[in-house]
Amino acid sequence: MQPRTPLLLCVLLSQVLLLTSAEDLDCTPGFQQKLFHIDQPAQFIEDQAILNLTFNDCKGNNKLHYEVSSPYFKVNHDGSLVALKNISAVGKTLFVHARTPHAEDMAELVIVGGKDIQGSLQDIFKFARTSPVPRQKRSIVVSPILIPENQRQPFPRDVGKVVDSDRPEGSKFRLTGKGVDQEPKGIFRINENTGSVSVTRTLDRETIATYQLFVETTDVNGKTLEGPVPLEVIVIDQNDNRPIFREGPYIGHVMEGSPTGTTVMRMTAFDADDPATDNALLRYNIRQQTPDKPSPNMFYIDPEKGDIVTVVSPALLDRETLENPKYELIIEAQDMAGLDVGLTGTATATIMIDDKNDHPPKFTKKEFQATVEEGAVGVIVNLTVEDKDDPTTGAWRAVYTIINGNPGQSFEIHTNPQTNEGMLSVVKPLDYEISAFHTLLIKVENEDPLVPDVSYGPSSTATVHITVLDVNEGPVFYPDPMMVTRQENISVGSVLLTVNATDPDSLQHQTIRYSVYKDPAGWLNINPINGTVDTTAVLDRESPFVHNSVYAALFLAIDSGNPPATGTGTLLITLEDVNDNAPFIYPTVAEVCDDAKNLSVVILGASDKDLHPNTDPFKFEIHKQAVPDKVWKISKINNTHALVSLLQNLNKANYHLPIMVTDSGKPPMTNVTDLRIQVCSCKNSKVDCNAAGALHFSATSVLLASLFSLACL
């Protein structure tokens with residue numbers, strides 16, 4: 001094989017049209033000069049030519065179109081670069097993009113002495129100057145390809161070419177990387193014979209800003225001859241995204257009377273375009289203010305920061321005089337640094353003028369009148385106030401205080417939360433006979449303190465005159481309750497006491513009559529004239545109408561008014577115990593097995609309705625049991641219990657044993673109760689008392705039957 005000469009790959013600058021044939025090598029599409037240097041002038045003058053650019057697509061430059069990286073410049077059809085307006089600072093570098101259906105290219109203008117704006121455009125475009133880079137032997141030297149986003153049909157579109165005049169016959173170009181054989185696949189491709197690089201679809205910088213590709217040459221067997229060499233494709237940003245406000249709703253608050261220049265809130269918009277270009281350089285302004293009173297320009301927005309501040313005097317920012325304390329601002333964000341060619345987005349900012357307590361509450365009148373019947377309680381008058389502050393705040397809500405005329409604490413005042421009125425109430429009944437008139441002095445304040453330069457004045461106090469109306473009051477028993485102590489069982493007709501009721505209406509000189517109101521047991525009578533109470537029946541401490549030895553009855557005292565008024569009095573009679581109840585035993589039925597080894601039958605308890613000492617200790621006895629015929633035995637356990645037991649086993653039957661129990665009263669009381677004892681058959685853990693029910697013997701009969709059986713043996 002003939003030795004290969006060093007491979008010379010020259011990737012033309014991005015957007016260079018592919019040469020259509022070998023005969024076209026004498027015409028190189030693109031800018032004839034790609035790099036310019038000019039000194040930074042004091043000012044670029046509008047429509048004054050800065051320099052002339054020469055672009056040739058080798059096809060007649062049909063439909064030639066120029067784009068400049070700065071919105072402040074344009075290129076005329078004759079290739080002259082001019083400023084759109086008088087401007088001093090544009091940065092350090094400008095790029096001019098030329099495009100026809102057959103070719104595209106980029107030229108660079110370096111402004112000597114210029115200052116960076118929004119970062120270096122050299123960094124923005126990552127543009128490598130097109131001056132030749134010295135090639136090392138057997139190395140591939142390439143420059144980036146720049147492609148504007150959002151290009152339209154037709155596709156595929158040639159964007160560059162790899163030229164190798166020394167390429168061995170039969171060798172091929174190969175392109176790899178993200179966008180070729182890696183996802184997203186198929187965006188770029190290369191003609192393996194000519195080296196032409198093309199793009200197959202529209203690019204979106206906001207999706208992928210750069211593509212890192214690799215170029216290499218291979219032999220007919222696919223073996224790499226040189227490379228791979230990185231080839232960077234840079235997507236040039238177009239202004240295709242509007243600013244958007246993403247953090248709403250936007251609600252700000254400012255206190256009324258705030259100084260001019262007070263910051264209310266900050267509005268921030270987002271632009272998806274390249275933040276290093278003017279495509280994402282935003283400027284803010286207020287498009288509309290609603291309402292437009294008292295000034296159509298109540299607020300100002302910093303065009304660069306988006307801070308909204310007040311611009312009116314504190315006097316105009318008075319919530320109480322504003323038509324509406326809520327303002328809505330239509331905020332516009334525009335890219336391209338606010339130029340008319342920029343895209344816009346809007347949002348609504350709501351600004352609330354917050355209240356401060358600069359208006360004290362004032363009573364609507366200096367004096368209020370109220371009337372109330374003696375003995376009544378509740379609200380007697382509502383005190384009205386005016387307050388210009390915000391009704392939803394503590395600067396409006398009123399707090400009332402009685403500062404004079406209430407020594408007995410008979411009155412209270414509370415705030416009605418809906419109306420802000422002061423509700424004056426009587427909480428302790430008033431007595432006409434003591435005082436028919438009352439005068440109260442009341443002050444009103446706010447929940448929140450007043451601002452320092454405002455104070456409460458005379459209008460924040462008011463006088464309330466209260467007239468008490470006389471009513472016919474019912475007589476009052478004294479004392480109430482009335483209490484007496486008597487022994488139960490006293491004789492019928494016994495006098496218990498004489499009740500005493502007086503009429504509070506001392507000025508009316510009325511008479512009083514008495515009557516029984518509630519007498520549950522029907523034991524009492526009252527003299528209607530003098531109030532003497534006596535008994536009509538025997539008082540029984542053990543009655544169900546007596547609780548804890550106390551009997552309660554109610555009496556009425558009725559005056560002679562029109563209409564008459566009634567008072568109620570309670571009589572509590574404490575009844576002392578008398579031994580008038582005999583004790584009783586429990587239980588009264590017991591069972592025992594006929595072959596029981598333990599002859600104990602039952603433990604008896606005794607109880608007495610009377611109180612100690614008329615109760616225990618109790619005495620237990622078997623009533624009328626002949627001494628020689630004893631079959632049963634009763635033994636004391638304690639003061640209230642005794643044990644009944646057998647002296648021998650008995651046949652299966654029912655037995656009735658009379659038990660006598662006596663209490664300790666003086667004199668004592670005795671009670672005799674039959675204890676029914678069933679003697680049952682108990683075999684194999686089964687108790688059978690059926691046969692026992694067939695026999696009914698007294699204790700003596702049982703004893704005789706047992707003796708007769710023994711004699712017959």
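A disulfide is a pair of cysteine sulfur atoms within 2.5 Å. Keep that cut-off in mind for the first stops.

This is a predicted model, in which local features need pLDDT of at least 70 and side-chain atom pairs count only at pLDDT 80 or more, while totals for chains, interfaces and linings use all residues. Residues are numbered from 1 along each chain as its sequence is written, and side-chain values use heavy atoms, with hydrogens and water left out.

**Stop 1: the disulfides**

The structure holds 2 disulfides. Select Cys-593 and Cys-682. A disulfide joins the two, with an S to S distance of 1.9 Å. This pair links distant parts of the chain: Cys-593 is in strand 44 (residues 589–593) and Cys-682 is in strand 50 (residues 670–683), 89 residues apart. Strands here are DSSP runs (E, at least two residues), and helices are DSSP runs too (H or I, at least four), numbered from the N terminus.

Turn the view to look along the S-S bond. The torsion for Cys-593 and Cys-682 is about -85 degrees, so this disulfide is left-handed.

Now check accessibility. Buried means under 20% relative accessible area, exposed means over 50%, and partly exposed lies in between (1.4 Å probe, protein chains only). Cys-593 is partly exposed at 26%. Cys-682 is buried at 16%.

Next, select Cys-680 and Cys-689. Their sulfur atoms are 1.8 Å apart, and the two form a disulfide. The link of Cys-680 and Cys-689 is right-handed, with 100 degrees about the S-S bond. Cys-680 and Cys-689 are both buried.

**Stop 2: the salt bridges**

A salt bridge is a side-chain nitrogen of Lys or Arg within 4 Å of a carboxyl oxygen of Asp or Glu. The structure holds 18 salt bridges.

Select Arg-283 and Glu-304. Their closest N and O atoms are 3.7 Å apart, in a salt bridge. Arg-283 lies in strand 20 (residues 283–290), and Glu-304 lies in the loop between strand 21 (299–301) and strand 22 (307–310), so the pair ties together parts that are 21 residues apart in sequence. Arg-283 is partly exposed, at 22% relative accessibility. Glu-304 is exposed, at 55%.

Move to Arg-541 and Asp-577. Their side chains meet in a salt bridge, 3.3 Å from N to O. Arg-541 lies in the loop between strand 40 (532–535) and strand 41 (550–559), and Asp-577 in the loop between strand 42 (566–576) and strand 43 (584–586), so this pair ties together parts that are 36 residues apart in sequence. Both Arg-541 and Asp-577 are buried.

Then pick Asp-688 and Lys-652. Their salt bridge has its closest N and O atoms 3.2 Å apart. The pair links distant parts of the chain, 36 residues apart: Asp-688 is in strand 51 (residues 686–688), and Lys-652 is in the loop between strand 48 (641–646) and strand 49 (653–662). Asp-688 is partly exposed at 31%. Lys-652 is buried at 19%.

Finish this stop with Arg-205, Glu-206 and Asp-237. Salt bridges that share partners join these three into one network.

**Stop 3: a loop residue**

Select Ile-45. This residue is in the loop between strand 3 (35–39) and strand 4 (49–52). Ile-45 is partly exposed, with a relative accessible area of 36%.

Which residues does Ile-45 touch, not counting those up to four places away in sequence? Show Ala-83 and Asn-86: Ile-45 touches both. Contact means heavy atoms within 4.5 Å. Ile-45 and Ser-88 are 43 residues apart in sequence, and their C-alpha atoms are 8.8 Å apart in space.
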